[in-house]
Amino acid sequence: MNQTINEIKSFLQGIPIADVINELERFRNDERKSVQKIVEQYRKKYYKFTDEMKRLENISYYEEKYYEKGVNFIAGIDEVGRGPLAGPVTAAAVILPRKCRIIGIDDSKKLSEKRRKELFLRIQEEALAIGIGTVSNIVIDEINILQATYEAMRIAVSKLKIMPGQLLVDAVAIPNVNISQEGIIKGDSKSVSIAAASIIAKVTRDELMEKYGDVYDGYYFEKNKGYGSKDHIEAIKRQGLSPIHRKSFTKNFI
C-alpha cells in the first residue's frame with residue numbers, strides 16, 4: 001500500500017538533507033503527480049545544499065592552507081564603518097572551528113538585514129572566540145580613519161579569548177601586530193572567517209547606531225547608520241552636528 005502524501009512529507013522532513021537524495025529513489029515509480037512534485041522539490045533542495053557545501057569548502061581554502069601547516073587557531077578580521085559621517089568604526093575578529101559549515105555565511109554586504117542577524121546568532125553559537133573593537137568618532141578625527149581602522153582591528157584581536165596563530169584580514173595588513181597575518185583582497189567573499197567577522201562587525205555597529213537614533217533625534221541614524229543619505233545631510237545642515245558626528249568628514253556640510 002502506497003504511503004499517503006502526508007506520510008511521505010513527514011518521512012522526507014525527518015531525513016538530513018545531505019542524505020535525502022538516496023531516499024527519493026523509492027518514490028521513482030510512484031505515478032501520483034503530487035508525489036513526483038514533492039520528489040522534485042526535495043531534489044532541488046538537495047542540489048542547492050550540495051552547491052552551498054561546495055561554496056563553503058571553497059571559501060575555507062585559506063583556513064585549510066594554514067591548518068595544514070599546523071596552525072590551530074585562525075582569526076578572520078574585518079571592519080565596518082569607514083565611510084559614514086557619524087559613529088564609530090567597528091572591527092571584529094572571529095575564530096571558527098575547523099570544518100565549520102554555517103549555511104549562508106558570506107560577505108555581510110551581500111546579505112539582507114534579517115539574514116545577517118540570523119547568521120550573527122549562529123556565528124556566536126559556533127565560534128571558538130570573538131573579539132570586537134570600536135574606535136569613536138573623536139579618535140577618528142584625531143588620528144584619521146585609516147589609523148582608527150587599524151586600531152579597531154588591534155583591539156578586536158586583543159579581545160579574543162584564544163590567541164590565534166594566524167590572522168586573515170580583509171584587504172589590509174594591520175601594523176604593530178605580532179601575529180602572522182595575510183591580507184586578502186575581497187576577503188569577506190573568499191574566507192569563511194573574514195565573512196564571519198564582517199557579519200559580527202556589521203550587526204554590532206548597526207545595533208549601536210540604532211540606539212544612537214533614539215538618543216540623537218532627527219538624524220535618522222536608525223535608518224542610515226551614520227552614512228551620508230540625503231535626509232542625514234539635510235539634518236546636519238538644519239540641526240548642526242551631534243556629538244557622534246565626525247567633524248573631519250562633515251566639513252562640506254557645515
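This is a predicted model: local features need pLDDT of at least 70, side-chain atom pairs count only at pLDDT 80 or more; totals for chains, interfaces and linings use all residues.
Residues are numbered from 1 along each chain as its sequence is written, and side-chain values use heavy atoms, with hydrogens and water left out.

Let's start with helix 1 (residues 5–13) and helix 3 (residues 33–58). Helices here are DSSP runs of H or I with at least four residues, numbered from the N terminus. The axes of this pair come within 10 Å and cross at roughly 15°; axes are lines fitted to C-alpha atoms over the stretch in contact, with angles running from 0 to 180 degrees between N-to-C directions. Helix 1 and helix 3 are therefore roughly parallel, a label for angles under 35 degrees. Their crossing is right-handed, as the near helix is turned clockwise from the far one by less than a right angle. On the helix 1 side, I5, I8, K9, L12 and Q13 meet S34, V35, I38 and Y42 of helix 3, where contact means heavy atoms within 4.5 Å. By class, that makes six nonpolar, two polar and one charged residues. Ala, Val, Leu, Ile, Met, Phe, Trp, Tyr, Cys and Pro count as nonpolar, Asp, Glu, Lys and Arg as charged, and the others, Gly among them, as polar.

Next up are helix 5 (113–126) and helix 9 (192–215). Their axes come within 9 Å and cross at roughly 115°, and this crossing is left-handed. Helix 5 brings E113, R116, K117, L119, F120, I123 and Q124, while helix 9 answers with A196, I199, I200, K202, V203, T204, D206 and E210. The tally for this contact is seven nonpolar, two polar and six charged residues.

A cavity is a set of points on a 1 Å grid, over the protein atoms alone, where a 1.4 Å probe fits but cannot get out; lining residues have an atom within 4 Å of a point. Two cavities of 30 Å³ or more turn up. Helix 4 (61–67) and helix 9 each supply at least two lining residues, and helix 4 gives the largest share, three. The lining has five nonpolar, two polar and five charged residues.

The second largest cavity has a volume of about 40 Å³. E113, R116, K117, V203, D206, E207 and E210 line it. Helix 5 and helix 9 each give two or more of these residues, with the largest share, four, coming from helix 9. This lining has one nonpolar, no polar and six charged residues.

Methods
Angles under 35 degrees count as roughly parallel, over 145 as roughly antiparallel, 65 to 115 as roughly perpendicular and the rest as oblique. On a 1 Å grid over the protein atoms alone, a cavity is a set of points where a 1.4 Å probe fits but cannot get out, and a pocket is an open set with protein on both sides within 12 Å along at least five of seven lines; lining residues have an atom within 4 Å of a point. Grid points are joined across faces, edges and corners, and a volume is the space filled by probe spheres set on the points.
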